[in-house]
Amino acid sequence: MKPVIFYGVPSGCSLASVIASEWLGQPYHLVRIEMMEQWPEQFARVNPRMKTPAMLTANGDSLTESLAILQHIGQRGVAQGLGFAPGTPDADHLASMLSYLVTDLFAAFAPLWKLYDAGTDDPTVKSVLRKYGEDAVRVEYAYLESLLSGREWLLGGAKPTVADAYLYAIGRWAEYHNVFKLEDDYPNVARYMRKLAGDPAVRFALEIEKNGDARGNGSFQGHLNITQLDMPKASFTSQAAAA
């Protein structure tokens, strides 16, 4: 079967998996999940935690979490420079970068998303969440600003990797939450984001996210209805739980 990416809208981190799939250039399908509406119950067969992104691999296996999905795509895209052969120093550097992005950088936005989702009217709670979130985000963007000084891509190579897809997907959140203007405070990050915004795969992914329809490089084979998919027979059970 062709791989299937389940992506969430609006403004989900799963945009990275769509970008990386376009960069990979191999056939894939998409399933759109409207995160602000009731989630389709069938999705629990793919990810029992009801979060995006998720993926059905070519073997029909369920894969969840951005880190795992992007590493999977990267290993299929070694020839394109999206990832590296396991066990090499470059693969270790990519794993390290992805780990930073999905932990420290992602977590920095947690208070702002909590404020967004909670809808609380308590001014004290709102003030604390806003202050904590803004401070945390600024710390991470200062690190990224330094990291991208003199670099075109995150790992310093000549081509983007799957890590760059992920940074674009969540890097836009600072302005989404009105924390700051990149051009004013973090010019290296702003330059990097502008470059990626002009990439055809990124433009495609953004258009898909916005309208559910776009013309890519030919790899995208169309959206599927989740109710028509041959879903995994059982949800995940850890070896420890099964023992």
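Ser 11 lies in the loop between strand 1 and helix 1. The model is predicted, and in it Ser 11 has a phi near 55°, a positive value in a residue other than glycine. The loop between strand 1 (4–9) and helix 1 (15–24) also holds Pro 10, and the peptide bond from Val 9 to Pro 10 is cis.

**Backbone geometry**

- Most residues other than glycine have a negative phi, and most peptide bonds are trans.
- Phi of Ser 11 is positive, with a value near 55°.
- The cis bond from Val 9 to Pro 10 has an omega near 5°.
- Another cis peptide bond joins Thr 52 and Pro 53, where omega is about 5°.
- Pro 53 is placed in the loop between strand 2 (28–34) and strand 3 (54–56).

**Helix 1 and helix 6**

- Two packed helices are described by the angle between their axes and the distance between the axes.
- For helix 1 and helix 6 (residues 162–171), the axes come within 8 Å and cross at roughly 145°.
- This crossing of helix 1 and helix 6 is right-handed.
- The contact of helix 1 with helix 6 comprises 10 nonpolar residues, no polar residues and 1 charged residue.

**Helix 2 and helix 3**

- The axes of helix 2 (residues 66–76) and helix 3 (residues 89–108) approach to within 10 Å, with a crossing angle of roughly 150°.
- Helix 2 and helix 3 are therefore roughly antiparallel to each other.
- Their crossing is right-handed.
- Leu 67, Leu 70 and Gln 71 of helix 2 make the contact with Ala 95, Leu 98, Ser 99 and Val 102 of helix 3.
- By class, the residues of the contact of helix 2 with helix 3 are 5 nonpolar and 2 polar, with no charged residue.

**Helix 5 and helix 9**

- Helix 5 (residues 123–147) and helix 9 (residues 187–197) have axes that come within 7 Å and cross at roughly 75°.
- Helix 5 and helix 9 are therefore roughly perpendicular to each other.
- On the helix 5 side, Tyr 141, Leu 144 and Glu 145 meet Pro 187, Asn 188 and Val 189 of helix 9.
- The contact of helix 5 with helix 9 divides into 4 nonpolar residues, 1 polar residue and 1 charged residue.

**Cavity**

- The structure contains 1 cavity of 30 Å³ or more.
- The largest cavity holds about 40 Å³ of space.
- Its lining is formed by Pro 3, Ile 5, Ser 21, Leu 24, Gln 26, Pro 27, Tyr 28, Met 55 and Arg 76.
- The lining of the largest cavity divides into 6 nonpolar residues, 2 polar residues and 1 charged residue.

**Pocket**

- The volume of the largest pocket is about 840 Å³.
- This pocket is lined by 27 residues, and those that lie nearest its centre are Cys 13, Lys 51, Thr 52, Phe 106 and Trp 173.
- Helix 2, helix 3, helix 4 (110–118) and helix 7 (173–176) are the elements that give two or more residues to the lining of the largest pocket.
- Helix 4 gives the most to this lining, with 5 residues.
- The lining of the largest pocket has 17 nonpolar, 5 polar and 5 charged residues.
- Thr 52 lies among the residues nearest the centre of the largest pocket and is joined to Pro 53 by a cis peptide bond.

Definitions and conventions. Residues numbered from 1 in each chain as written. Predicted model: local features only at pLDDT ≥ 70, side-chain atom pairs only at ≥ 80, totals over all residues. Heavy atoms only, no water. Axes fitted to C-alpha atoms, helices over the stretch in contact; angles between N-to-C directions. Helix = DSSP H or I, 4+ residues; strand = E, 2+ residues; numbered from the N terminus. Parallel < 35°, antiparallel > 145°, perpendicular 65-115°, else oblique. Left-handed = near helix turned anticlockwise from the far one by under 90°. Contact = heavy atoms within 4.5 Å. Nonpolar A, V, L, I, M, F, W, Y, C, P; charged D, E, K, R; others polar. 1 Å grid on protein atoms, 1.4 Å probe; cavity = no way out; pocket = protein on both sides within 12 Å on 5 of 7 lines; lining within 4 Å. Points joined across faces, edges and corners; volume = space filled by probe spheres on them.
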